[in-house]
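Here is a short briefing on one protein model. Look at the sequence and the structure first, then read the points below.

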Amino acid sequence: DELMTTRVTSHIGLKDVAANISEDGVLRAVGLAEDTLRRAGNVRPRIAVAALNPHAGDNGKFGREEIEILEPAVKLAQERQMDDTGPWPSDTVFLKAKRGEVDAVVTMYHDQGQIAIKLMGFERGVTVAGGLPIPVATPAHGTAFDIAGKNKANVGATRQAFDLLVRMAKNHRAKREVI
């Protein structure tokens, strides 16, 4: 529905995630979430940044990525007037999202966000190709070619994708007319 996730890394092995997280990468993901939500009509998106390590690193006991990369990135985004918080432990950040306390969660790797989103609404999930000059969205569950024509498909995610594209196109057009 109104919740979005984006990630700092995508389709890489879990063993490579920590080495591919950077302050710039976190800032790009936060900016992408903010831009996409604004294009969808959210005037002031609230963004939570998920931690990489258990218990958000527990002050360095479980890794230093939160202290050395994520916290500075969150602070820099705040200095740039983005409404972001974190890093939040990934086992609880989606509870904040489910309660409506945030509009987006920036995760560090693919499944950290995808598992939560699919559990919260598999039939409504939408994938947005953010950062493009025109809005592009598809159902998050993929094409479902295996059940096409068998009267089994749930079209909820396709409807959500279409509705989101309409909102984004409307805001995109309005933004262009103002310029």
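The largest cavity is lined by Asp 35, Thr 36, Arg 39, Val 128, Ala 129, Gly 130, Gly 131, Ile 134, Pro 135, Val 136 and Met 168. On a 1 Å grid over the protein atoms alone, a cavity is a set of points where a 1.4 Å probe fits but cannot get out, and a pocket is an open set with protein on both sides within 12 Å along at least five of seven lines; lining residues have an atom within 4 Å of a point. The model is predicted: local features need pLDDT of at least 70, side-chain atom pairs count only at pLDDT 80 or more, and totals for chains, interfaces and linings use all residues. Residues are numbered from 1 along each chain as its sequence is written, and side-chain values use heavy atoms, with hydrogens and water left out.

**Confidence**

- pLDDT is the predictor's confidence in each residue, on a scale from 0 to 100.
- The protein has a mean pLDDT of 88. A value of 70 or more is reached by 95% of its residues.
- Helices (H or I, at least four residues) and strands (E, at least two) are DSSP runs, numbered from the N terminus.
- Among the elements, helix α2 (residues 65–79) has the highest mean pLDDT, 98. Helix α5 (residues 156–178) has the lowest, 74.

**The cavity**

- Rolling a probe the size of a water molecule over the atoms shows where empty space is left.
- The whole structure holds 1 cavity of 30 Å³ or more. The volume of the largest cavity is about 30 Å³.
- A volume here is the space filled by probe spheres set on the grid points, which are joined across faces, edges and corners.
- Which helix gives the most to the lining of the largest cavity? Helix α1 (residues 23–39) does, with 3 residues.
- The lining of the largest cavity has 6 nonpolar, 3 polar and 2 charged residues.
- Ala, Val, Leu, Ile, Met, Phe, Trp, Tyr, Cys and Pro count as nonpolar, Asp, Glu, Lys and Arg as charged, and the others, Gly among them, as polar.

- The largest pocket holds about 810 Å³ of space.
- It is lined by 29 residues, and the closest to its centre are Leu 3, Met 4, Thr 5, Val 126 and Thr 127.
- Two or more lining residues come from each of β1 (4–7), α1, α4 (110–121), β5 (126–128) and α5.
- Helix α4 gives the largest share of this lining, 5 residues.
- The lining of the largest pocket divides into 12 nonpolar, 11 polar and 6 charged residues.

**Helix α1**

- The 17 residues of α1 should span 24 Å at 1.5 Å a residue, and the end C-alpha atoms are 24 Å apart, so the two values agree. The expected span is 1.5 Å times one less than the number of residues.
- Buried means under 20% relative accessible area, exposed over 50%, and partly exposed in between (1.4 Å probe, protein chains only).
- The buried residues of α1 include Gly 25, Val 26, Leu 27 and Glu 34.
- Glu 34 has a relative accessible area of 12%.
- Contact means heavy atoms within 4.5 Å. Leaving aside neighbours within four places in sequence, Glu 34 is in contact with Arg 44, Pro 45, Ile 47, Gln 81, Met 82 and Asp 83.
- Gly 41 follows α1 and has a positive phi, near 105°.

**Ala 73 in helix α2**

- Ala 73 lies in helix α2. At 1% relative accessibility, Ala 73 is buried.
- Ala 73 and Glu 23 are 50 residues apart in sequence, yet 5.1 Å apart in space, C-alpha to C-alpha.
- Not counting residues up to four places away in sequence, Ala 73 touches Glu 23, Val 26, Leu 27 and Asp 84.

**Loops and backbone**

- Ala 56 lies in the loop between β2 (46–50) and α2, and Asn 59 lies in the loop between β2 and α2.
- Phi of Ala 56 is positive, near 55°. Phi of Asn 59 is positive, near 55°.
- Buried or exposed? Ala 56 is buried at 18% relative accessibility, whereas Asn 59 is exposed at 72%.
- The peptide bond from Gly 86 to Pro 87 is cis, with omega near 0°. Pro 87 lies in strand β3 (residues 83–88).
- Asp 103 sits in the loop between α3 (93–98) and β4 (104–107). Asp 103 is buried, at 10% relative accessible area.
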